[in-house]
Amino acid sequence: MKAGVSTILGGLASRYFSWGRAINRFSTSVAVEEPIRPTVQIDYTQLLINGQFVDAASGKTFPTLDPRTGEVIAHVAEGDTEDVNRAVSAARKAFDEGPWPKMTPYERSCIIYRFADLLEKHRNEIAALETWDNGKPYEQAANVEIPLVIRNFRYYAGWADKIHGLTVPADGPYHVQTLHEPIGVAGQLVPWNFPLLIYSWKVGPALACGNTMVLKTAELTPLSALYVSKLFLEAGLPPGVLNVISGFGPTAGAALCSHMDVDKLDFTGSTNTGKIVLGLASKSNLKKVTLELGGKSPIIVCEDADIDLAVEHAHTAVFFNQGQCCCAGSRTFVHESVYNEFIEKAKARALKRVVGDPFKKGVEQGPQIDGEQFKKILNYIRSGIESGATLEYGGERVGSKGYYIQPTVFSNVEDNMLIAKEEIFGPVQSILKFKTFDEVIRRANTTQFGLAAGVFTKNINTANTLTRALRVGTVWINCYFVFDAAIPFGGNKMSGNGREKGIYGLSNYFQVKAVVTPLKNPAWL
Amino acid sequence: MGSHGNDNLESSVKIPTIKFTKLFVNGEFVDSISGFNLSLSLCDRSISMFLLVCHVDKEDVDLAVNAARHAFDDGPWPRMPGSERAKRMMKFADLIDQNVEELAALDTLDAGKLFSMGKAVDIPSSADTLRYYAGAADKIHGDVLKMSREFHAYTLHEPIGVVGHIIPWNFPTTLFFLKVSPALAAGCTMIVKPAEQTPLSALYYAHLAKLAGIPDGVLNVVTGFGPTAGAAICSHMDIDAVSFTGSTEVGRIVMKAAAESNLKVVSLELGGKSPLIIFDDADVDMAAQLALIGILYNKGEICVASSRVYVQEGIYDKLVKKLVEMAKAWVVGDPFDPKVQQGPQVDKEQFDKILTYIEHGKREGATLLTGGKPLALGGKGYYVEPTIFAEVKEDMLIAKDEIFGPVLALAKFKTIDEAIKRANSTRYGLAAGIVTKDLDVANTVSRSLRAGTIWINCYFAFGNDCPFGGYKMSGFGKDSGLEALHKYLQVKSVVTPLYNSPWL
């Protein structure tokens, strides 16, 4: 039987109420309790190629682990070059012979809409799977992420029949049009921090434009994509249009990036891996590449800001999803006049943060994804302390099992410290002090990254000046993490290239063909 | 002669019980204040049936406008995210799909339209139209602008407010949704006045809209006549835009009323006398088929009917022979009969008008190739034979006026320039067709014709994404496509100075 997650929640509620008080205080104890067993079943662990779930050609599998315990959830087929080859040829055939790109755009949109309806129907199971594999709070998955996933698919379903080329005024008697044609077979590489959300950013526009694809999930979180892709088949997506490969970067990922029959790559992940992806694309067939990479996003809290609002958003900006967000607000610049107040309040807010089993009601922060990240983050925390930053709060692991880390707040952070320069990808807030706008603009921009920024001010001129001066892909003014299907997202500098979501996200998945023919005796030009 | 279908069809089609005959105002079906009822005659086919539908007057329109105004100024509809409006519009579309049979039957009863076409095309494609605009509701983008000084500026595309839609009787469902769907997506509220001949499906749609979660007051339907209800809408001081489809004559009245009241924004989709130009290199069968369907579809009661067909001299004889053969084989009869290709004209007035034009044609010296007479099927109804006149000149009444019936005017031409000139010698400019294999001819003629839609080697190729509307006295403003959405939006520019911007 598939999960009645409402039953889980029922169970959670009674647990919550019996230990409710403990949760309201700092909940170190929560993590050491027996992990709550999700009642979702793992039904799909094979590769999805040409509409069929199949074993890897090698027969190999790899374990996917529960970040709460480090224990095995399931063994998943391990895709490698040969599997990627099969998936690409299925996608190639589905593209070259159809029916997908030959269908009417309206028919494509109806299939995507149907898929969104199925996601809605199964949202509780999907959220449970996401939490189990990733460790993110169930409430976050169910109430924030899965609804965003559904919204993304509906949004792009609506685009399918509105992708317009242009008629173009040329200098002379020519009739010129542009056709926005699907690119072909796309290779998509999805990270582990938002396995389904980023799946929707990539699959939605690719399908709307009429492409076919091979999607490689992260080896740490292979489960949810397999589950939902099965729903896509149910919604009427023809076989071969969407193929899903579980596996590792250096094997399956590299095979996809180097494949001569893949026309497009869309990668979200670290900047280092992004460089490899771009390199493989250039060494093989110069396939087009969209990259959404790392960040070290600044938040600027001005003198006139609503401090409580800024504290709350800056908190969420760095602690949401255990700090595992590419656009985490990991450098918080606070004006000197409000610096001390801000630190006190930020500390108090971190102290209230509820860490614990992500399946438990009211939990805000679960475990980090795995042991490697866990160690890396603790190392960064140590480096922060050693380099002279003031540890205001946290800094330790929580419990003795799994990968839980305390929300950690540093003040007196300097620009040249490692914790201010590198992407930590963990629950570590760094608070820096500034005096003038020119200074903070320069410091905020002194980074190889350029993904996002937050600005807190009530002054319209300050907001406009900072907005234009920050070299980033998104500026949130008096808010943070406002994600919507219609809002483009992506980075400047080494945070990547291209924009996903919104109307801009479509342009990653069509190519423009100019069509030119002379006009004889035109009535006008 | 046009043959006819089953004379004695007491069809397998169930005539639906008429559920809604009152006005729909602020989410409720209500009686009209005036207490008048409109007697709706459904005797245009072989059955007779009378029905009383509310007939509204100015006071009823006032109530409906108040409701729409309130729903716009204070209500949730323009204030909810586009994606939420989209969700409800998608549900509305699903409800239409669930009631296809009944809705198609209402339009057939009301307008004599083919039941099979209604069921297969008009009704389901209207659900598709709603879905198309549902998908557009969350994609209304403004621009961020390049100012020539230190300013930050952007545009907001805001819903225009309360819209009055006035819908004709020839496509009661299709045109209802071509107007209502983009206005809903834009976040407007509205008053819809269906034609007095065809009020039934509109009332049913109001009921479905409520079930779909469209808030009260957003979609109001008032049934009644042009000079009363229609005029009240056009001159209302609290209506921000009026979107009208109908005759050029009435379009002029609509615009005048708007001008004399509050200068509301007007869009008009009016009459046509659309040319179809067939060149020597055309495929004869295809050309004949397009010419025939172009004039006989929906009994010629369609504003884009290809009512003037220009044929190049080299292909003329072959084409005309083929066309006449096909017209003679065309099946006229009870629109509920699935074998029938043409039902009765909508009412006696139209029927008489068409026959008068046919007499004009004969008198003015055009050659009647086929048809030309009424068809008496069981002694009832307003059936007209498919009629083709040849050697028609541009100054003849049948070449100048919109007949709105199954009457085709044929003419022969020699050169491209002549064809362009003659095709353009009309006060209308709704659509045109070109049949040729020659790329240069197709391109030249496309740009030369002063019409809103050009169909090359096709006709009636409508699409939800394809804007539709006229040049010249065929009106202005587009239905369909994202252009139609913009008809229900207005642009606000917002400007503020910039200080120390690193780029401009």
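How many bridges join strand 13 to strand 18 in chain A, and do these strands run parallel or antiparallel? There are 4 bridges between strand 13 (residues 331-335) and strand 18 (residues 428-434) of chain A, and the two run parallel. One pairing to look up is A:Thr332, whose bridge partner in strand 18 of chain A is A:Ile431. Keep in mind that this is a predicted model.

Let's zoom out to the sheet around that pair. Seven strands of chain A make up an open sheet with mixed pairing, in the order 14-17-18-13-12-19-20. At its edges sit strand 14 (390-393) and strand 20 (474-477) of chain A, each pairing on one side only. On average, neighbouring strands here are turned by 25° against each other, direction ignored. Helix 14 (residues 371-386) of chain A packs on this sheet, where it touches strand 14, strand 17 (408-411) and strand 18 of chain A.

Chain A also has an open sheet of 3 strands, ordered 5-6-22, with antiparallel pairing. Strand 5 (167-168) and strand 22 (510-518) of chain A each have a single partner strand, so one side of each is left without a neighbour in the sheet. Strand 5 of chain A pairs with strand 6 (residues 174-182) of chain A over 2 bridges, and A:Thr167 stands opposite A:Gln177 of strand 6. Here chain B comes in: its helix 14 (residues 439-448) lies across strand 6 and strand 22 of chain A.

| Helix 14 (residues 371-386) of chain A | strand 17 of chain A | about 25° |

Technical notes:
Residues numbered from 1 in each chain as written. Chains lettered and ligands numbered in written order. Predicted model: local features only at pLDDT ≥ 70, side-chain atom pairs only at ≥ 80, totals over all residues. Heavy atoms only, no water. Pairing = 2+ DSSP bridges. Axes fitted to C-alpha atoms, helices over the stretch in contact; angles between N-to-C directions. Contact = heavy atoms within 4.5 Å.
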